Amino acid sequence: TLILIVINIFCFTLLATDNTNKVSVFDYYLRSALPNIEIPAYIKYLQSRQRGTLAKQLSAAYQHNPQKTKPYALQHMLVDGGFQRRLQQGQIITAQQKDFAIWQPLHQSFMHKLNLVASYRFSFKPYDFDAAALLSHLFLHADLSHLLWNMFFLFIFGFIVEASIGHLYFIAAYMLSGLISSATLVLISPDNGAWNMGASGAIAGLVGMYAVLYGRRKIQFFYTLL
(Lines give C-alpha, C1' and ligand atoms only; values in the text may rest on other atoms or scores of the structure.)
Protein backbone atom coordinates (compact mmCIF):
# COMPACT_ATOMS: atom_id res chain seq x y z
CA THR A 1 0.00 0.00 0.00
CA LEU A 2 2.75 2.44 0.90
CA ILE A 3 4.67 1.58 -2.28
CA LEU A 4 1.56 2.24 -4.38
CA ILE A 5 1.05 5.60 -2.68
CA VAL A 6 4.70 6.57 -3.27
CA ILE A 7 4.50 5.55 -6.96
CA ASN A 8 1.35 7.61 -7.46
CA ILE A 9 2.89 10.68 -5.82
CA PHE A 10 6.10 10.23 -7.84
CA CYS A 11 4.17 10.03 -11.13
CA PHE A 12 2.19 13.12 -10.16
CA THR A 13 5.39 15.13 -9.58
CA LEU A 14 6.67 14.06 -13.01
CA LEU A 15 3.59 15.75 -14.54
CA ALA A 16 4.33 19.08 -12.85
CA THR A 17 5.13 20.80 -16.17
CA ASP A 18 2.49 18.95 -18.16
CA ASN A 19 -0.07 21.78 -18.05
CA THR A 20 2.46 24.15 -19.60
CA ASN A 21 3.02 21.70 -22.45
CA LYS A 22 -0.72 21.27 -22.88
CA VAL A 23 -1.32 25.01 -23.12
CA SER A 24 1.46 25.30 -25.70
CA VAL A 25 -0.05 22.54 -27.86
CA PHE A 26 -3.56 23.99 -27.68
CA ASP A 27 -2.21 27.42 -28.51
CA TYR A 28 -0.54 25.95 -31.61
CA TYR A 29 -3.86 24.40 -32.67
CA LEU A 30 -5.90 27.59 -32.17
CA ARG A 31 -3.39 29.73 -34.07
CA SER A 32 -3.28 27.31 -37.02
CA ALA A 33 -5.76 26.82 -39.87
CA LEU A 34 -7.04 23.61 -38.26
CA PRO A 35 -10.08 25.07 -36.44
CA ASN A 36 -11.43 26.66 -39.62
CA ILE A 37 -11.27 23.28 -41.34
CA GLU A 38 -12.22 20.91 -38.53
CA ILE A 39 -14.99 22.80 -36.72
CA PRO A 40 -17.34 22.98 -39.76
CA ALA A 41 -16.53 19.30 -40.40
CA TYR A 42 -17.35 18.49 -36.77
CA ILE A 43 -20.69 20.29 -37.01
CA LYS A 44 -21.57 18.19 -40.08
CA TYR A 45 -20.49 15.07 -38.22
CA LEU A 46 -22.77 15.93 -35.27
CA GLN A 47 -25.68 16.47 -37.64
CA SER A 48 -25.07 13.09 -39.27
CA ARG A 49 -25.08 11.43 -35.83
CA GLN A 50 -28.43 12.99 -34.82
CA ARG A 51 -26.78 15.30 -32.30
CA GLY A 52 -28.52 18.36 -33.64
CA THR A 53 -28.65 20.35 -30.40
CA LEU A 54 -24.88 20.55 -29.98
CA ALA A 55 -24.47 21.07 -33.73
CA LYS A 56 -26.81 24.09 -33.64
CA GLN A 57 -25.10 25.54 -30.55
CA LEU A 58 -21.64 25.22 -32.08
CA SER A 59 -22.76 26.52 -35.46
CA ALA A 60 -24.45 29.61 -33.99
CA ALA A 61 -21.55 30.36 -31.64
CA TYR A 62 -18.97 29.86 -34.40
CA GLN A 63 -20.77 32.23 -36.74
CA HIS A 64 -21.27 34.84 -34.01
CA ASN A 65 -17.79 34.74 -32.44
CA PRO A 66 -15.41 32.21 -34.04
CA GLN A 67 -12.37 33.14 -31.88
CA LYS A 68 -14.16 32.43 -28.60
CA THR A 69 -15.81 29.31 -29.97
CA LYS A 70 -12.61 27.61 -31.13
CA PRO A 71 -11.39 26.50 -27.64
CA TYR A 72 -14.89 25.30 -26.72
CA ALA A 73 -15.17 23.32 -29.95
CA LEU A 74 -11.70 21.85 -29.48
CA GLN A 75 -12.66 20.54 -26.03
CA HIS A 76 -15.67 18.75 -27.52
CA MET A 77 -13.77 17.37 -30.50
CA LEU A 78 -10.91 15.94 -28.43
CA VAL A 79 -13.18 13.90 -26.15
CA ASP A 80 -15.52 12.76 -28.96
CA GLY A 81 -13.93 9.41 -29.65
CA GLY A 82 -16.15 8.59 -32.61
CA PHE A 83 -15.17 11.81 -34.34
CA GLN A 84 -11.48 11.43 -33.49
CA ARG A 85 -11.38 7.86 -34.80
CA ARG A 86 -12.89 8.88 -38.12
CA LEU A 87 -10.77 12.03 -38.33
CA GLN A 88 -7.53 10.08 -37.86
CA GLN A 89 -8.66 7.45 -40.37
CA GLY A 90 -9.19 10.13 -43.01
CA GLN A 91 -12.97 9.77 -43.10
CA ILE A 92 -13.81 13.32 -42.02
CA ILE A 93 -11.37 15.38 -44.09
CA THR A 94 -10.93 13.27 -47.21
CA ALA A 95 -8.27 13.44 -49.91
CA GLN A 96 -10.89 14.69 -52.36
CA GLN A 97 -11.56 17.86 -50.39
CA LYS A 98 -9.78 21.07 -51.40
CA ASP A 99 -8.51 21.72 -47.83
CA PHE A 100 -6.94 18.26 -47.45
CA ALA A 101 -3.44 19.35 -48.57
CA ILE A 102 -3.46 22.12 -45.95
CA TRP A 103 -5.09 20.05 -43.21
CA GLN A 104 -3.01 16.86 -43.35
CA PRO A 105 0.46 18.25 -42.41
CA LEU A 106 -1.03 20.56 -39.78
CA HIS A 107 -3.03 17.72 -38.26
CA GLN A 108 0.02 15.44 -38.20
CA SER A 109 2.07 18.16 -36.51
CA PHE A 110 -0.65 18.77 -33.93
CA MET A 111 -0.98 15.05 -33.12
CA HIS A 112 2.80 14.77 -32.76
CA LYS A 113 2.83 17.66 -30.30
CA LEU A 114 -0.23 16.30 -28.47
CA ASN A 115 1.45 12.92 -27.97
CA LEU A 116 4.26 14.72 -26.15
CA VAL A 117 1.72 15.78 -23.50
CA ALA A 118 2.00 13.05 -20.86
CA SER A 119 -1.58 13.37 -19.63
CA TYR A 120 -2.75 12.65 -23.18
CA ARG A 121 -0.18 10.01 -24.12
CA PHE A 122 -0.49 7.91 -20.95
CA SER A 123 -4.19 8.42 -20.19
CA PHE A 124 -6.73 5.78 -21.20
CA LYS A 125 -9.03 6.67 -24.09
CA PRO A 126 -11.58 3.89 -24.78
CA TYR A 127 -12.03 4.78 -28.47
CA ASP A 128 -8.29 4.29 -29.10
CA PHE A 129 -7.44 1.12 -27.17
CA ASP A 130 -3.83 1.09 -25.98
CA ALA A 131 -2.64 -1.77 -23.76
CA ALA A 132 0.17 0.34 -22.26
CA ALA A 133 -2.22 3.18 -21.38
CA LEU A 134 -4.54 0.62 -19.80
CA LEU A 135 -1.87 0.23 -17.13
CA SER A 136 -0.17 3.64 -17.05
CA HIS A 137 -3.39 5.61 -16.48
CA LEU A 138 -3.81 3.92 -13.09
CA PHE A 139 -0.86 5.95 -11.78
CA LEU A 140 -1.80 9.37 -13.20
CA HIS A 141 -4.01 12.02 -11.60
CA ALA A 142 -5.53 15.15 -13.09
CA ASP A 143 -4.78 17.51 -10.18
CA LEU A 144 -3.71 17.62 -6.54
CA SER A 145 -7.21 17.13 -5.09
CA HIS A 146 -7.74 14.09 -7.35
CA LEU A 147 -4.48 12.60 -6.08
CA LEU A 148 -5.11 13.38 -2.40
CA TRP A 149 -8.63 11.93 -2.32
CA ASN A 150 -7.56 8.74 -4.05
CA MET A 151 -4.53 8.31 -1.80
CA PHE A 152 -6.69 8.94 1.26
CA PHE A 153 -9.03 6.06 0.36
CA LEU A 154 -6.13 3.85 -0.74
CA PHE A 155 -4.53 4.48 2.67
CA ILE A 156 -7.72 3.66 4.58
CA PHE A 157 -8.80 0.51 2.72
CA GLY A 158 -5.44 -0.66 1.41
CA PHE A 159 -3.80 -1.47 4.74
CA ILE A 160 -6.72 -3.51 6.06
CA VAL A 161 -7.31 -5.47 2.84
CA GLU A 162 -3.59 -6.10 2.41
CA ALA A 163 -3.27 -7.32 5.99
CA SER A 164 -6.24 -9.63 5.43
CA ILE A 165 -5.29 -11.27 2.11
CA GLY A 166 -1.50 -10.84 1.92
CA HIS A 167 0.82 -8.72 -0.24
CA LEU A 168 0.73 -10.71 -3.48
CA TYR A 169 -3.04 -11.24 -3.57
CA PHE A 170 -3.48 -7.60 -2.64
CA ILE A 171 -1.41 -6.16 -5.51
CA ALA A 172 -2.91 -8.67 -7.97
CA ALA A 173 -6.45 -7.74 -6.89
CA TYR A 174 -5.64 -4.01 -6.98
CA MET A 175 -4.28 -4.12 -10.52
CA LEU A 176 -7.03 -6.44 -11.73
CA SER A 177 -9.71 -4.13 -10.34
CA GLY A 178 -8.20 -1.19 -12.22
CA LEU A 179 -7.98 -3.14 -15.47
CA ILE A 180 -11.53 -4.48 -15.18
CA SER A 181 -12.93 -1.00 -14.50
CA SER A 182 -11.23 0.28 -17.67
CA ALA A 183 -12.38 -2.69 -19.75
CA THR A 184 -15.93 -2.07 -18.53
CA LEU A 185 -15.68 1.54 -19.71
CA VAL A 186 -14.69 0.31 -23.18
CA LEU A 187 -17.73 -1.98 -23.27
CA ILE A 188 -20.29 0.59 -22.14
CA SER A 189 -18.79 3.64 -23.87
CA PRO A 190 -16.59 2.61 -26.83
CA ASP A 191 -16.68 6.10 -28.35
CA ASN A 192 -15.50 7.76 -25.15
CA GLY A 193 -12.53 10.02 -25.93
CA ALA A 194 -12.00 11.49 -22.45
CA TRP A 195 -8.47 11.33 -21.04
CA ASN A 196 -9.27 8.86 -18.27
CA MET A 197 -6.72 8.64 -15.48
CA GLY A 198 -6.50 7.83 -11.80
CA ALA A 199 -6.56 4.93 -9.37
CA SER A 200 -10.29 5.19 -8.67
CA GLY A 201 -11.23 1.92 -10.38
CA ALA A 202 -8.53 -0.02 -8.53
CA ILE A 203 -9.47 1.58 -5.20
CA ALA A 204 -13.15 0.83 -5.81
CA GLY A 205 -12.10 -2.82 -6.05
CA LEU A 206 -10.44 -2.54 -2.63
CA VAL A 207 -13.63 -1.04 -1.18
CA GLY A 208 -15.57 -3.98 -2.60
CA MET A 209 -13.12 -6.48 -1.10
CA TYR A 210 -13.30 -4.66 2.23
CA ALA A 211 -17.10 -5.01 2.18
CA VAL A 212 -16.87 -8.72 1.35
CA LEU A 213 -14.30 -9.36 4.08
CA TYR A 214 -15.86 -7.34 6.88
CA GLY A 215 -19.46 -6.62 5.96
CA ARG A 216 -20.95 -4.16 8.45
CA ARG A 217 -18.56 -4.98 11.29
CA LYS A 218 -16.85 -1.99 12.89
CA ILE A 219 -13.09 -1.88 12.40
CA GLN A 220 -10.79 -0.03 14.80
CA PHE A 221 -8.77 1.24 11.90
CA PHE A 222 -6.09 3.39 13.50
CA TYR A 223 -5.59 0.90 16.31
CA THR A 224 -5.18 -1.88 13.71
CA LEU A 225 -2.73 0.24 11.69
CA LEU A 226 -0.53 1.03 14.68
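Modeller: A charge sits over a ring if NZ of Lys or CZ of Arg is within 6 Å of the ring centre and within 35 degrees of the ring normal. By that rule, K113 lies over the face of Y28, at 5.0 Å from the ring centre, and K125 lies over the face of Y120, at 4.2 Å from the ring centre. The model is predicted, so local features need pLDDT of at least 70 and side-chain atom pairs count only at pLDDT 80 or more, while totals for chains, interfaces and linings use all residues. Residues are numbered from 1 along each chain as its sequence is written, and side-chain values use heavy atoms, with hydrogens and water left out.

Rings may also pair with one another. Rings of Phe, Tyr and Trp (its six-membered ring) pair if their centres lie within 6.5 Å; planes under 30 degrees apart count as stacked, over 60 as edge-to-face and the rest as tilted. A search of the whole structure finds 15 aromatic pairs. In one of them, the planes of F152 and F153 meet at 75° with the ring centres 5.2 Å apart, so the pair is edge-to-face. F155 and F159 also form an edge-to-face pair, with 5.1 Å from centre to centre and 85° between the planes. Because F155 and F159 are four residues apart in helix α10 (residues 144-165), about one helical turn separates them; helices are DSSP runs (H or I, at least four residues), numbered from the N terminus.

As to accessibility, F152 is partly exposed at 41% (buried means under 20% relative accessible area, exposed over 50%, partly exposed in between, with a 1.4 Å probe and protein chains only). F153 is partly exposed at 35%. Finally, ring pairs link F152 and F153 with W149, F157, Y210 and Y214 into a cluster.

How values were computed. Helices (H or I, at least four residues) and strands (E, at least two) are DSSP runs, numbered from the N terminus.
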